[in-house]
Amino acid sequence: MIKKKIVVFTGAGISAESGLQTFRGSDGLWEGHRVEDVATPEAWQRDPESVQRFYNMRRIACRRAQPNAGHLALVELEKYADVYIITQNIDDLHERAGSKNILHLHGEIMKAQSSRDSNLVYQLQKDELSMEDKCKMGSILRPHVVWFGEAVPNMLIASEIVKDADILLVVGTSLQVYPAANLLYETSKDCKIELIDPNAHQMRINSNVILHSGTASEILPKWVEIYAE
Ligand code: NAD
């Protein structure tokens, strides 16, 4: 039997049950910080030490977190479908769960990049990045993440991946961050779109999207079980 192509588009919500806070808590802050203070090129220009400190803390939290039943269900899904994960997350929980095809739209916290040449990317062997850590050209290393206001280089690859998907499964994203959220409009007309989120029914979304209200670790294992039948 020919396997269907399922593209899973994930956001911070899939890692919430692993203990990593989502981006927009009820206070509109990310771990108590205004996004403008920690996740923009301007913040880096103004106060690079604070930005490094913020991502160092995210890295430590990420290292301590473990994949949850939602991440693991997506690995199980690979038995029954060609699965491609496009994630907005900077954590590495999809990798550690064992998923095969993963595209990070907004970078990876466990990597650093040269502040002069974003193509110089390094896997980090430690949690804390300091202003003394330099790339091979002598420039400061910054977190390998896409900040608000920066281009999203993997967006073109993501668009290619979704355009012939049979199913687009959207999990744990508020769909407030662009251009990532545009992926929902880049599917073919035959693609079935389903969305899993505790707020699914409050989200303003096209009426052809099938909504599942609940958390990733509740709904995804059941979804995969039903798909496999
Ligand atoms: P968001 O915070 O804007 O939205 C999170 C969504 O997850 C919400 O719709 C919420 O209802 C839902 N959610 C909460 N708990 C859930 C659960 N248990 N199961 C399923 N869904 C749940 O996140 P976003 O849309 O991904 O955008 C935030 C941006 O911030 C991303 O681009 C990302 O780079 C960054 N970020 C990443 C991480 C991470 O890597 N874990 C964490 C925070 C923020």
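Predicted model: local features only at pLDDT ≥ 70, side-chain atom pairs only at ≥ 80, totals over all residues.
Domain bounds here come from an automatic or database domain assignment.

**Entry 1**

I looked up how the protein is divided. Domain 1 takes in 1-20 + 67-106 + 152-229, and domain 2 takes in 21-64 + 110-145. Then I checked the spacing: going by C-alpha atoms, the centres of domain 1 and domain 2 are 25 Å apart. For the contact between them, I got 13 residues from domain 1 and twelve residues from domain 2.

**Entry 2: where the domains meet**

Next I went through the interface. Domain 1 and domain 2 bury about 860 Å² between them, and carbon and sulfur atoms give 64% of that area. On the side of domain 1 that touches domain 2, I noted five nonpolar, five polar and three charged residues. How many salt bridges are there between domain 1 and domain 2? I got a count of zero. For polar contact across this interface, I found one residue pair, with both residues at pLDDT 80 or more.

**Entry 3: the ligand's place**

Where does the ligand lie relative to domain 1 and domain 2? Both domains give residues to the shell around the ligand, so it lies between them. I listed 25 residues around the ligand, and the closest are Gln88, His106, Thr173, Ser174 and Asp197. Sorted by class, that shell has eight nonpolar, 13 polar and four charged residues.

**Entry 4: backbone atoms by the ligand**

Ala216 puts a backbone N or O atom 2.9 Å from a ligand nitrogen. For Gly13, I noted 3.3 Å between a polar backbone atom and a nitrogen atom of the ligand. Last, I looked up the ligand's cover: taken alone the ligand exposes 860 Å², and the protein buries 91% of that.

Conventions
Residues numbered from 1 in each chain as written. Heavy atoms only, no water. Near = heavy atom within 4 Å. Polar contact = N/O pair within 3.5 Å; in protein donor to acceptor, adjacent residues only side chain to side chain. Areas by Shrake-Rupley, 256 points an atom, 1.4 Å probe, with all protein chains shown as cover. Nonpolar A, V, L, I, M, F, W, Y, C, P; charged D, E, K, R; others polar. Contact = heavy atoms within 4.5 Å. Buried area = accessible area lost by both parts, 1.4 Å probe. Salt bridge = Lys/Arg side-chain N within 4 Å of Asp/Glu carboxyl O.
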